[in-house]
Amino acid sequence: AERWEELIDLLEKLARDGEDPQQAVELWTEVGQLAHRLGQLDRAVASLEKALELSPDHLEAIDPLLATLRERGPSDRRDELLTRRITIESDRERRLALRAEQAELREQRADPESAVDLLHEAIEKGDYDGDLLLLAGRLNEQLQRWQGAAECYDLLRRSSETPTQEAHAIRLLLRLMAGPLQLMSAPSWSPAGQVAGHPQIQAEKLCCRLLELEPGDRETLERLATIRQQRENWPGAASALSQLLEQLELRLAPANEQIDVAAQLAWAQHCAGADPEPILSRAVRGAVNDDDALARLADLAQQLGLDQVESGCLWLLVERSSEPSALLVRLAELYQRRDQLREATRALERALTTAPQESSATIVRRLLGWVDATSEPALVLQTLARLADDERSSADRWLQARLLAQSGDPTAALEALSKVNDEEAASAEAQR
């Protein structure tokens, strides 16, 4: 170490005493480089600065001085040197790396606005690459300059050298279009090149391009389906959802995710004029062990008018429910809409066996409205018997007495008549 110190001292003396300026530049540069190696940063900086005083563009002094200043952190002097270094650098790759360093330096010094200005100036000159565009986009986002960020990502998309880089640029664009740009009241930016039109159309085209680059990508298919649903492009939405469901099946995605997509696909097919029953029936088969999914599918089937699918869901739920009366009533209503009164009646009969006491009277009334007393007197009597005394009207008792008499049980008929309220009976008789 002592010999190195002696050598540095000697070189300094020669640099100070020499009369040749060019030789002094070389000597001060050598002193600075040796001092940097020995960890004498202050001495290195001072020596290299002296070299640059004599020759401001001397690369052999600028580069080691920059290396020394990097170890010291952000500074005005490092920024100044980077500006000079960028100006004289002829190699494009190295120059772009220096531009990125200067922008990041200004960001570190809490001056992102200046960093963005530097980058945009370079971009306007055509002096950029993918990394520089990504940096400019990120800094614009940091400043919430969403349109500036979008312009950078769109330029990256159009100038990409690889499919991976183009796909990444499109993803960044779509994220902005689905978020900050969508919220802007009057965005002035739109993708250049082959993409033009309404923002949703632009996003749709970008999604389609991304699927060309990355076929079957789940996130893109979901986004594309959403865009087309919002635009009420139902055939297109059905196509995207069909592809998405296929990918979920191939990747063995959780059943509930497949069911949700299948339900969306069924709705899109319905809106597009196609038959949604096959896909919805397939979803039901996948949901046999998921009561919540079955309930959602039953509701969707009801909206779509798919009675068979709805009844299939409801019966699956009935078999597993501890209190299925409400489900059975819904089934009865479904059968009644289809004029399947026998099935409707059976469903209500079963509902009566499971219904809580407070709701059984309502079910009885509905059942009595559907059953023909002439053709099925025994069922009517059985149904009336489920009503408590205080729930029976005089009309109920008159009906019960008449049916009992017709069945050959006058004693029971007389007992029923004895409980008829005279006033209600007269009113009922008058109405007959």
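Asp9 is partly exposed, with a relative accessible area of 41%. (Buried means under 20% relative accessible area, exposed over 50%, and partly exposed in between, with a 1.4 Å probe and protein chains only.) Arg43 is buried, at 19% relative accessible area.

Asp9 and Arg43 form a salt bridge, with their closest N and O atoms 2.6 Å apart. Asp9 belongs to helix 1 (residues 2–17) and Arg43 to helix 3 (residues 41–54), so this pair ties together parts that lie 34 residues apart in sequence. A salt bridge here is a side-chain nitrogen of Lys or Arg within 4 Å of a carboxyl oxygen of Asp or Glu. Side chains of opposite charge can pair when their charged atoms come close.

Residues are numbered from 1 along each chain as its sequence is written, and side-chain values use heavy atoms, leaving out hydrogens and water.

The protein averages a pLDDT of 85, and 82% of the residues score at least 70. pLDDT is the predictor's confidence in each residue, from 0 to 100. Confidence is highest in helix 8 (residues 130–142), at a mean of 97, and lowest in helix 25 (residues 422–431), at 52. Helices (H or I, at least four residues) are DSSP runs, numbered from the N terminus. Where pLDDT is low, the predicted coordinates should not be read in detail.

## A second pair: Arg231 and Glu204

The structure holds 40 salt bridges. One of them joins Arg231 to Glu204, with the closest N and O atoms 2.4 Å apart. The pair links distant parts of the chain, 27 residues apart. Arg231 sits in the loop between helix 13 (218–230) and helix 14 (234–250), while Glu204 sits in helix 12 (residues 199–213).

Arg231 is partly exposed, at 34% relative accessible area. Glu204 is buried, at 11%.

Glu310 lies in helix 18 (residues 307–320) and Arg337 in helix 19 (residues 325–337), so the pair ties together parts 27 residues apart in sequence. Glu310 is buried, with a relative accessible area of 0%. Arg337 is partly exposed, at 46%.

Both residues belong to a network of salt bridges. The network links Asp299, Asp307, Glu310, Arg330, Arg337 and Arg338.

Note on methods. This is a predicted model: local features need pLDDT of at least 70, side-chain atom pairs count only at pLDDT 80 or more; totals for chains, interfaces and linings use all residues. Helices (H or I, at least four residues) and strands (E, at least two) are DSSP runs, numbered from the N terminus.
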